[in-house]
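Please look at the model below before reading on.

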Amino acid sequence: MRTTYDTATVRLYHLSGGEEGGAATTLFYGPLDEAMRIAAQQPEEVQDGLFLATDNDVVAYVDLLEG
C-alpha cells in the first residue's frame, strides 16, 4: 500500500467467493491501525479474504503480514 501511516483511513472488507462471483462486505472504515487489530481478531479462513483499501491502493491483509 502506498499509504502506510497508522492513522491513514482505510476500508477493511471481506471478499467472499461465490457461484455468482462473491460479494464484498465492509467490516470497518477508519484508521489503519484499528483495521489491522480488527482483521487480526478474525478467524484464519476469514483473514484469507480480507482486503484493505485506501484512496489510492488495495492490498490483501495476508500480504501485509508477510511484508
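## Sheet and packing

Four strands make an open sheet, ordered β2-β1-β3-β4, with antiparallel pairing. β2 and β4 (58-60) are the edge strands, each pairing on one side only. From one strand to the next, the twist averages 25 degrees. α1 packs on this sheet and touches β1, β2 and β3. The direction of α1 makes about 130 degrees with that of β2. Angles here run from 0 to 180 degrees between N-to-C directions, and axes are lines fitted to C-alpha atoms, for helices over the stretch in contact.

The model is predicted: local features need pLDDT of at least 70, side-chain atom pairs count only at pLDDT 80 or more, and totals for chains, interfaces and linings use all residues. Residues are numbered from 1 along each chain as its sequence is written, and side-chain values use heavy atoms, with hydrogens and water left out.

Pairing of two strands requires at least two bridges found by DSSP. The table lists the pairs.

| Strand pair | Bridges | Sense |
|---|---|---|
| β1 (residues 9-16) and β2 (residues 23-31) | eight bridges | antiparallel |
| β1 and β3 (residues 50-53) | four bridges | antiparallel |
| β3 and β4 | three bridges | antiparallel |

His-14 faces Thr-25 in β2. Tyr-13 stands opposite Phe-51 in β3. Leu-52 stands opposite Val-59 in β4.

## Overall make-up

The protein has three helices and four strands. Along the sequence the pattern reads β-β-α-α-β-β-α. Helices (H or I, at least four residues) and strands (E, at least two) are DSSP runs, numbered from the N terminus.

Of the 67 residues, 30% are buried. Buried means under 20% relative accessible area, exposed means over 50%, and partly exposed lies in between (1.4 Å probe, protein chains only). The accessible surface is about 4300 Å², and carbon and sulfur atoms hold 46% of it. These areas come from the Shrake-Rupley method with a 1.4 Å probe; for residues, only the protein chains shown count as cover.

Contact means heavy atoms within 4.5 Å. Among contacts between residues at least 6 apart in sequence, 44% join residues at least 24 apart.

## Nonpolar core

The largest nonpolar core has 10 residues: Val-10, Leu-12, Phe-28, Leu-32, Ala-35, Ala-39, Leu-50, Leu-52, Val-59 and Tyr-61. β1, α1 (32-40) and β3 each give two or more residues to this core. α1 gives the most, with three residues. A core of this kind is a set of buried Ala, Val, Leu, Ile, Met, Phe, Trp, Tyr and Cys residues joined through side-chain atoms within 4.5 Å.

Is Gln-47 buried or exposed? Gln-47 is buried, because its relative accessible area is 14%. This residue is found in helix α2. The side chain of Gln-47 reaches two backbone oxygens: that of Ala-39 at 3.2 Å, and that of Ala-40 at 3.2 Å. Such a polar contact is a pair of N or O atoms within 3.5 Å; within protein, one must be able to donate a hydrogen and the other to accept it, and residues adjacent in sequence count only if both atoms are side-chain atoms. Beyond residues up to four places away in sequence, Gln-47 touches Ala-39, Ala-40, Gln-42, Tyr-61 and Val-62.

Gln-42 lies in the loop between α1 and α2 (44-47). Gln-42 counts as partly exposed because its relative accessibility is 24%. Its side chain reaches the backbone oxygen of Ile-38 at 3.1 Å. Leaving aside neighbours within four places in sequence, Gln-42 is in contact with Gln-47 and Leu-50.
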